[in-house]
Amino acid sequence: MQRERSRSYLLADEGQRADEAGRLDRQARLLFPLERGALAAHGLEPGHTVVDLGCGQGTYLQLIAEAFANTRCVGLDRHPGLLGDARARPGVMAVAQCDLAGQAALLRELDRFLPDLVLCRFVLQHMAPAERTAMLSTLAEHASKRAVRVVLADVDSASSFFEPPSPLLSEAHQGLEALQARSGGDRRIGARLPDLLRTAGFESPRASRVLVDSRTTGFGAWWSAFGSPLSAGLASRPAAQEALLEWGTHPATGDSFRAGFEVCFASSGSVRRASG
Ligand SMILES: C[S@@+](CC[C@H](N)C(=O)[O-])C[C@H]1O[C@@H](n2cnc3c(N)ncnc32)[C@H](O)[C@@H]1O
């Protein structure tokens, strides 16, 4: 059967990969201090074996290794270039190339590394529904045989705010949401993480949110992590895109402007037993 595949986040050329690897690094360093408490609240403990599904270039995994003593950190991703970066990071024990929607391949990696905790952060938003279903049902199948906690983290773009309101930013925000949807992804997926876990067979999901506010992070740091994806929402209007990029990096902008959004977390450590 032909499975529906997402075209969101393919990073076809090396220039795109290098730019995005740099942005992921800035994003992870900005958000990890805010998210660290949520990771602990959702079950991450020192000494755990952690498998990061869609680890990208590995900064987030490196920061986990630094913050949670003696974690054994493993990254899976389908992108060989990003995985090459992740492999070289301190604290990353192993990486493997794996299509997370490929059920046999993912089961094999889970059986190989036997994680205490599986993390999947900012990946579901780039997957098509059939890919998400395949990955989560694989995780449920593994969890029916082995003790493992599954932690999902993703964006809910409905939580984004800009103060004072800006028509250009709203247009960019809506444009990005539409662009990602056309490629097969979903920037509102964060709100549905508990439902996705339940549908896959996980019980009693725990849910929480982390606020990312430019007043806390500083606007310059916020823009350096999120300005380029946001401006991609104006790709069909190059002059407007240029104007937005210039506005975002202007030193005065951060004095008068505030932006933010929430990162949604959901987790579960048990699956429903089949009846009968
Ligand atoms: C936005 S990045 C997130 C990276 C990292 N999790 C983080 O939080 O910084 C999304 C990652 O998911 C990976 N990805 C998306 N779909 C995938 C799939 N079907 N199989 C494996 N990796 C996938 C991409 O290659 C990319 O590295």
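Residues are numbered from 1 along each chain as its sequence is written, and side-chain values use heavy atoms, with hydrogens and water left out. Because the model is predicted, local features need pLDDT of at least 70 and side-chain atom pairs count only at pLDDT 80 or more, whereas totals for chains, interfaces and linings use all residues.

The structure holds nine aromatic pairs. Rings of Phe, Tyr and Trp (its six-membered ring) are taken to pair if their centres lie within 6.5 Å; planes under 30 degrees apart count as stacked, over 60 as edge-to-face and the rest as tilted. One of these pairs, formed by Phe219 and Phe257, is edge-to-face, with 6.0 Å from centre to centre and 85 degrees between the planes. The pair links distant parts of the chain, 38 residues apart: Phe219 belongs to helix α9 (residues 219–232), and Phe257 to the loop between α11 (253–256) and β8 (258–268). Helices (H or I, at least four residues) and strands (E, at least two) are DSSP runs, numbered from the N terminus. Phe219 and Phe257 are both buried, where buried means under 20% relative accessible area, exposed over 50% and partly exposed in between (1.4 Å probe, protein chains only).

Trp223 and Trp247 likewise form an edge-to-face pair, at 5.9 Å centre to centre and 80 degrees between the planes. This pair joins helix α9, which holds Trp223, to helix α10 (residues 238–249), which holds Trp247, across 24 residues. Trp223 counts as buried because its relative accessibility is 6%, whereas Trp247, at 30%, is partly exposed. Phe219, Trp222, Trp223, Phe226, Trp247, Phe257 and Phe261 form one aromatic cluster.

Within this cluster, Phe226 lies in helix α9 and is buried, with a relative accessible area of 10%. Beyond its neighbours within four places in sequence, Phe226 is in contact (heavy atoms within 4.5 Å) with Arg23, Gln27, Leu30, Leu31, Val212 and Phe261.

The charged end of Arg121 sits over two rings: that of Tyr60, 3.9 Å from its centre, and that of Phe122, 4.2 Å from its centre. For this assignment, NZ of Lys or CZ of Arg is within 6 Å of the ring centre and within 35 degrees of the ring normal.

Helix α1 (residues 14–41) has a kink of about 55 degrees at Phe32, shortly before the proline Pro33; the bend is the angle between axes fitted to the seven residues ending at a residue and the seven starting there. Just after α1, Gly43 takes a positive phi of about 115 degrees.
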